[in-house]
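Here are my notes on this one, in the order I jotted them down. Have the viewer open while you go through them.

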Amino acid sequence: MNSRTYLRYELVRTFRNRRFFFLSLGFPLVLYFMIAAPNRNEHDLGGSGISAPLYFMVGLAAFGAMNAMLGAGARIAGERQVGWTRQLRITPLSPRSYFRTKVLTGYLMALSTILLLYLAGSTLGVRLAAGEWVRMTWLIAVGLVPFAALGVLMGHLLTVDAVGPAIGGITALLSILGGVWFPVTSGALHVLAQALPSYWLVQASHVAVGGSGWSGLGWLVTAAWSLLLAGGAMWAYRRDTARV
């Protein structure tokens with residue numbers, strides 16, 4: 001199997017998954033209208049200087065995108081259980097093509113979620129210049145890199161029965177600590193949040209109020225988590241390979 005055939009197979013299989021449309025697309029969209037619509041006239045949510053429709057648009061886009069990226073872990077765990085990954089290793093498909101396909105599939109799923117939330121935000125009055133939309137999306141895309149690696153890592157470490165609850169628990173915890181549901185602006189929780197990649201996903205919304213979106217700390221934290229988790233993903237993949 002070559003890399004192009006494998007990518008096409010992954011995309012078709014992923015976008016036919018009904019749970020993807022509910023968890024990554026439908027669920028964040030429903031939550032957005034439930035939370036943001038009653039607060040559409042709030043223009044300084046929690047002292048953040050950001051309107052509620054914009055804040056929750058980015059927060060729930062981050063939530064849905066995290067779920068989409070970590071969803072690769074569930075697919076990998078399923079493939080390991082039925083022996084599909086073992087079959088892939090005896091094909092010409094290289095590990096680089098394998099990882100690239102998993103990451104690209106996750107990004108396409110995440111992008112679908114992000115664009116849908118953007119459309120929802122526009123219905124509640126979110127208006128940004130074209131350059132701000134692009135900068136915000138770029139920061140979110142960069143912020144998803146560690147989650148792509150985490151999804152691969154979990155898929156090669158956990159069983160099918162364990163990976164689902166693990167993804168749900170990690171996404172919920174990182175969403176709370178990262179400020180998806182409410183601004184985290186001070187205190188010990190703020191210090192902890194700044195050390196997590198989910199916090200910087202939400203901070204991408206600051207470009208809409210004239211900010212740069214991320215400070216140097218944001219880039220450092222994202223890079224550190226990306227390198228750490230990518231190394232873990234490679235180790236887990238090689239460990240599986242050694243067992244064949």
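1. Among the chain's contacts between residues at least 6 apart in sequence, 78% join residues at least 24 apart. Bear in mind that this is a predicted model. Of its 244 residues, 47% count as buried.

2. On to the core. The largest nonpolar core has 49 residues, and the members that touch the most others are Tyr32, Leu54, Met57, Met136, Ile140 and Leu144. Two or more residues each come from helix H2 (18-36), H3, helix H5 (95-123), H6, helix H7 (145-157), helix H8 (160-178) and helix H10 (197-202). H3 gives the largest share, with 14 residues. There is also a second, separate core of 17 residues, including Ala77, Tyr98, Leu153 and Met154.

3. Next, a helix pair. How do H3 and H6 cross? The axes of H3 (residues 52-82) and H6 (residues 130-143) come within 11 Å and cross at roughly 35°, and the crossing is right-handed. On the H3 side the contact uses Leu54, Met57 and Val58, which meet Trp133, Met136 and Ile140 of H6. By class, that contact has six nonpolar residues, no polar ones and no charged ones. As a general remark, nonpolar side chains in soluble globular proteins tend to be buried together.

4. Met57 deserves a click. This residue lies in H3, and it counts as buried because its relative accessible area is 0%, with the cut-off at under 20%. Leaving out residues up to four places away in sequence, Met57 touches Tyr32, Leu117, Tyr118, Gly121, Val126, Trp133 and Met136.

5. Leu144 is another of the core members that touch the most others. Not counting residues up to four places away in sequence, its contacts are Ala65, Met66, Met69, Tyr107, Ala110 and Leu201.

6. Now a check on helix geometry. The 13 residues of H7 should span 18 Å at 1.5 Å a residue, and the end C-alpha atoms are 19 Å apart, which agrees. H5, with 29 residues, reaches 43 Å from its first C-alpha to its last, close to the 42 Å expected at 1.5 Å a residue. After H5 comes Gly125, with a positive phi near 100°.

7. Is H7 mostly covered or mostly open? It is mostly covered, with eleven of its 13 residues buried. The buried ones are Pro146, Phe147, Ala148, Ala149, Leu150, Gly151, Val152, Leu153, Met154, Gly155 and His156. Two of these, Leu153 and Met154, turn up in the second core.

8. Last, Leu177 in helix H8. Why does Leu177 count as buried? Its relative accessibility is 17%, and the cut-off for buried is under 20%. Leaving aside neighbours within four places in sequence, Leu177 is in contact with Val184, Leu189, Leu192, Ala193 and Leu196. His190 is 13 residues from Leu177 in sequence, and their C-alpha atoms are 8.2 Å apart in space.

Methods
Residues numbered from 1 in each chain as written. Predicted model: local features only at pLDDT ≥ 70, side-chain atom pairs only at ≥ 80, totals over all residues. Heavy atoms only, no water. Axes fitted to C-alpha atoms, helices over the stretch in contact; angles between N-to-C directions. Helix = DSSP H or I, 4+ residues; strand = E, 2+ residues; numbered from the N terminus. Left-handed = near helix turned anticlockwise from the far one by under 90°. Contact = heavy atoms within 4.5 Å. Nonpolar A, V, L, I, M, F, W, Y, C, P; charged D, E, K, R; others polar. Core = buried A, V, L, I, M, F, W, Y, C linked by side-chain atoms within 4.5 Å. Buried < 20%, exposed > 50% of the residue type's maximum accessible area, 1.4 Å probe, protein only. Expected span 1.5 Å × (residues − 1).
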